[in-house]
Amino acid sequence: MTDQLPAATEVTAPGLPPSRWRPRLEAAPSPRLLPVTAGDPVTVIAPHPDDESLGAGGLLHRLSTAGCTPTVVIVTDGAAGYPGATPTQRRELARSRRRETWDAIRQLCRKGAQPVFFDIPDGEASAHEAEVTERIAAVLPGNGLVLAPWPEDPHPDHQAVGRAARLAAARTGVELWQYPIWMRHSIQPDDPRVPLADLTVVCLSTAERQAKRRAIEAHASQLRSPFPDFGPVLPEHVLELFADGLEPFFVPRNS
Ligand SMILES: [Zn+2]
């Protein structure tokens, strides 16, 4: 989730309490059947290293366990997680986050899934939106499902990657499910940006919740700041939003 505006200011704010969204999520319908079968390729698109685990880690574990073949695309390099870092520190952070992504995917996927790193500069996804669209569209053919960021999430990289994934999914005819990250922190359930009619919630099993927790913990640089002047990007009050075993997705009706 991380990285530059508005994360540096908003994520340290308390945000909405978990109780604000939980009743809506608990009341939302769950998918009766997943739109894939064993052997289908599936792809998760993450704006930053960690979004794949926060937004879709539980479902990714379920899909992998069911025999699907996952690909995890990490769009940006994640170098901007801590404002004020020097160029050298940014490069070191990007390298750390690449290793952390490998570790997270090993927690979520049973069958040799590998990340694909686009290495777009963190915070600049909108400036590379056409390129990102083309590169996602090149990954998707033959996939049964793509999990991508919700384009209304209040973070510029999430919005740009969400738009790119939506266009790429439409071009390739792949079913699209959109996961929110910042929504539960910053957007009220009755906000007009929220398409509640499209909301579906995957209720995670104990094993799926545990795998998701381990995957999030693999992103250690976000849980414990490597810089003394900054707190962690993912403090406890944010992590709590992803620990309740409810994984929301928007399934656009025209996808
Ligand atoms: Zn992110």
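1. Helices (H or I, at least four residues) and strands (E, at least two) are DSSP runs, numbered from the N terminus. On that count, the protein has ten helices and seven strands. Please keep in mind that this is a predicted model, in which local features need pLDDT of at least 70 and side-chain atom pairs count only at pLDDT 80 or more, while totals for chains, interfaces and linings use all residues. Residue numbers start from 1 along each chain as its sequence is written.

2. Overall dimensions next. The radius of gyration is taken over C-alpha atoms, and the globule rule is 2.2 Å times the number of residues to the power 0.38. For 255 residues a compact globule would come out near 18 Å, and the 17 Å of the protein agrees with this. Its C-alpha trace spans about 45 × 40 × 35 Å along the principal axes.

3. Now to burial: a residue is buried if 20 or more other C-beta atoms lie within 10 Å of its own, exposed if 12 or fewer, and partly exposed in between, with C-beta atoms placed from the backbone. Buried residues make up 44% of the 255 residues.

4. Five of its six residues are buried, so strand 1 is largely enclosed by the rest of the structure. Two strands pair if DSSP finds at least two bridges between them. Strand 1 pairs with strand 2 (residues 69-76) in the parallel sense over six bridges, and Ile45 stands opposite Val73 in strand 2. Strand 1 also runs parallel to strand 4 (residues 145-149), joined by three bridges; here Thr43 stands opposite Val146.

5. Strand 1, helix 3 and strand 2 form a right-handed β-α-β unit (right-handed if, with the strands pointing away from the viewer, the path from the first strand over the helix to the second runs clockwise).

6. Helix 3 (residues 51-65) deserves a look of its own. Of its 15 residues, 14 are buried. Helix 3 bends by about 80° at Gly57, the bend being the angle between axes fitted to the seven residues ending there and the seven starting there. After helix 3 comes Gly67, with a positive phi near 100°.

7. Finally, is Glu92 buried, exposed or partly exposed? Glu92 is partly exposed, because 15 other C-beta atoms lie within 10 Å. Glu92 belongs to helix 4 (residues 87-108).
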